[in-house]
Amino acid sequence: MLRINRNIQIVNFVHIEDTNMNESYQIIDDDPAVWCSAQLESKKDVLLPVSDEQIEAFRYHLSAMEDRPSEAFNTSDFSFEEITILQESIHQRLTEGRGVVVVSGIPREMFTDSALHHLFWGIGTGLGRPVVQNSQGHRIGHVRNEKNNPNNRGYMSNRELGFHSDAFEVVGLMCLRGAASGGLTQIVSGLAIYNQMLREKPELLDDLFEGYYYATAERSSSKLPYTSYKIPIFSKMSSRVSSMCLGAYMRAAAKLQGLALPDALDAGLHAFYEICNRPEFRLEFMLEPGEILFLNNYTTLHSRTEFQDDALNQRHLLRLWIELSDGRPVVPALTARGRDYEQLFLETRLVSTAT
């Protein structure tokens with residue numbers, strides 16, 4: 001019998017009405033998630049240090065959890081004061097602040113890999129619902145250079161990853177080990193990019209608000225290899241602008257249809273990424289072992305430089321995608337993009353069970 005995880009929400013989006021067009025575009029001047037490198041100069045500007053009391057509490061509670069898999073734990077297993085305080089601070093910074101936070105000060109040498117898995121999962125369950133990231137149903141991903149990478153997923157390679165947004169509202173990355181060289185994290189505010197687009201290329205915004213279909217690696221083996229709905233680069237809901245972009249998926253969808261991207265969208269994407277790569281918009285730093293990066297995918301984009309491993313230094317990060325129940329109001333296409341991974345996982349399970 002197929003057992004379906006009740007935490008997975010199934011949503012079929014055949015058509016999603018456009019709610020973004022024909023609106024006047026205005027500079028965002030009242031959202032703290034609008035920032036550039038003048039406001040966030042270095043990692044220290046987004047650090048959230050843990051206290052000695054929190055470290056001791058983590059050590060005490062994690063000592064009793066070593067023999068259980070992380071995903072077997074739920075929120076109640078991490079309901080102690082010290083972790084709750086940390087979760088509340090992270091949530092506030094992601095939803096009401098800059099949209100980026102680095103939890104620091106966890107002594108890497110004090111905890112095993114298994115204990116850090118549990119701690120990372122425990123923090124995530126207090127923020128929202130950890131969700132499926134691939135067709136295998138993994139809810140904790142391993143970001144490292146894998147020899148076996150059949151879908152050519154970027155996070156399973158060592159290559160440079162351009163600016164992009166992950167699925168669902170929050171992505172978390174915990175560093176277990178660093179590379180021999182490279183692997184620099186870069187982050188921009190998608191809302192700051194919107195403001196600059198409005199200043200420089202306002203004639204391209206209509207097409208960026210319309211967006212395009214996505215063809216993900218997971219969808220390549222499904223009945224429909226690209227989404228049935230368009231995902232906007234910029235969108236507006238409840239008077240708040242949000243951002244979401246993965247240009248490679250849009251170009252892949254156009255190629256599958258035997259089409260070229262619309263000229264204005266192509267120009268808009270080129271302008272969008274050109275601004276992303278300007279130093280004055282970019283925060284960059286190295287995520288060190290024991291540190292955890294959380295980002296709001298609806299207000300930020302992130303990238304990573306190429307890295308090289310050696311026998312002693314093999315880069316390994318853990319990844320969570322988290323759905324917030326009380327997060328930023330966004331158009332349905334943004335949430336649909338995330339739930340598409342869960343839908344494809346269930347379809348894969350049903351097919352494998354039937355055969």
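Modeller: Gladly! Strands here are DSSP runs of E with at least two residues, helices are runs of H or I with at least four, and the numbering starts from the N terminus. With that in place, Ser238 can be located in the loop between strand S9 (234-237) and strand S10 (240-243). Please keep in mind that this is a predicted model.

The part I would pick is the span that UniProt, in an unreviewed entry, lists as "domain: TauD/TfdA-like", residues 68-321. Its end C-alpha atoms lie 21 Å apart, and the span is 28% helix and 23% strand.

Ser238 counts as exposed because its relative accessibility is 53%, and the cut-off for exposed is over 50%. Phe168 is not a glycine either, and its phi is positive at about 65°. This residue sits in the loop between strand S5 (161-164) and strand S6 (170-177). Phe168, however, is buried, since its relative accessible area is 2% and buried means under 20%.

Next, helix H2, which covers residues 81-95 and holds Thr84. Thr84 is partly exposed, with a relative accessible area of 30%. Along the chain Thr84 and Ile123 are 39 residues apart, yet 8.3 Å separates their C-alpha atoms. Gln87 belongs to helix H2 as well. Gln87 is buried, at 8% relative accessible area. Leaving aside residues up to four places away in sequence, Gln87 touches Gly122, Ile123, Gly126 and Leu127.

Now for the helix packing. Two packed helices are described by the angle between their axes and the distance between the axes. The H4 and H7 crossing is right-handed. On the H4 side the contact is made by Ile193, Gln196, Met197 and Glu200, and on the H7 side by Gly268, Ala271, Phe272, Ile275 and Cys276. Sorted by class, that contact of H4 with H7 has 6 nonpolar, 2 polar and 1 charged residues.

Helix H6 (residues 247-256) packs on H7 too, at an angle of about 160° and with the axes 11 Å apart. H6 and H7 are therefore roughly antiparallel to each other, since the angle lies over the 145 degree cut-off. The way H6 passes H7 is a left-handed crossing. Gly247, Met250 and Arg251 are the H6 residues that meet Asp266, Leu269, His270 and Tyr273 of H7. By class, the H6 contact with H7 has 3 nonpolar, 2 polar and 2 charged residues.

To put H7 together: H4 crosses this helix in a right-handed way, while H6 passes it in a left-handed crossing. H4 meets H7 residues including Gly268 and Ala271, whereas H6 meets H7 residues including Leu269 and His270.

Note on methods:
Residues are numbered from 1 along each chain as its sequence is written. This is a predicted model: local features need pLDDT of at least 70, side-chain atom pairs count only at pLDDT 80 or more; totals for chains, interfaces and linings use all residues. Side-chain values use heavy atoms; hydrogens and water are left out. A crossing is left-handed if the near helix is turned anticlockwise from the far one by less than a right angle, and right-handed if clockwise. Contact means heavy atoms within 4.5 Å. Ala, Val, Leu, Ile, Met, Phe, Trp, Tyr, Cys and Pro count as nonpolar, Asp, Glu, Lys and Arg as charged, and the others, Gly among them, as polar. UniProt positions are given in the numbering used here, feature names are shortened, and annotations may be inferred rather than shown by experiment. Buried means under 20% relative accessible area, exposed over 50%, partly exposed in between (1.4 Å probe, protein chains only). Axes are lines fitted to C-alpha atoms, for helices over the stretch in contact, and angles run from 0 to 180 degrees between N-to-C directions. Angles under 35 degrees count as roughly parallel, over 145 as roughly antiparallel, 65 to 115 as roughly perpendicular and the rest as oblique.
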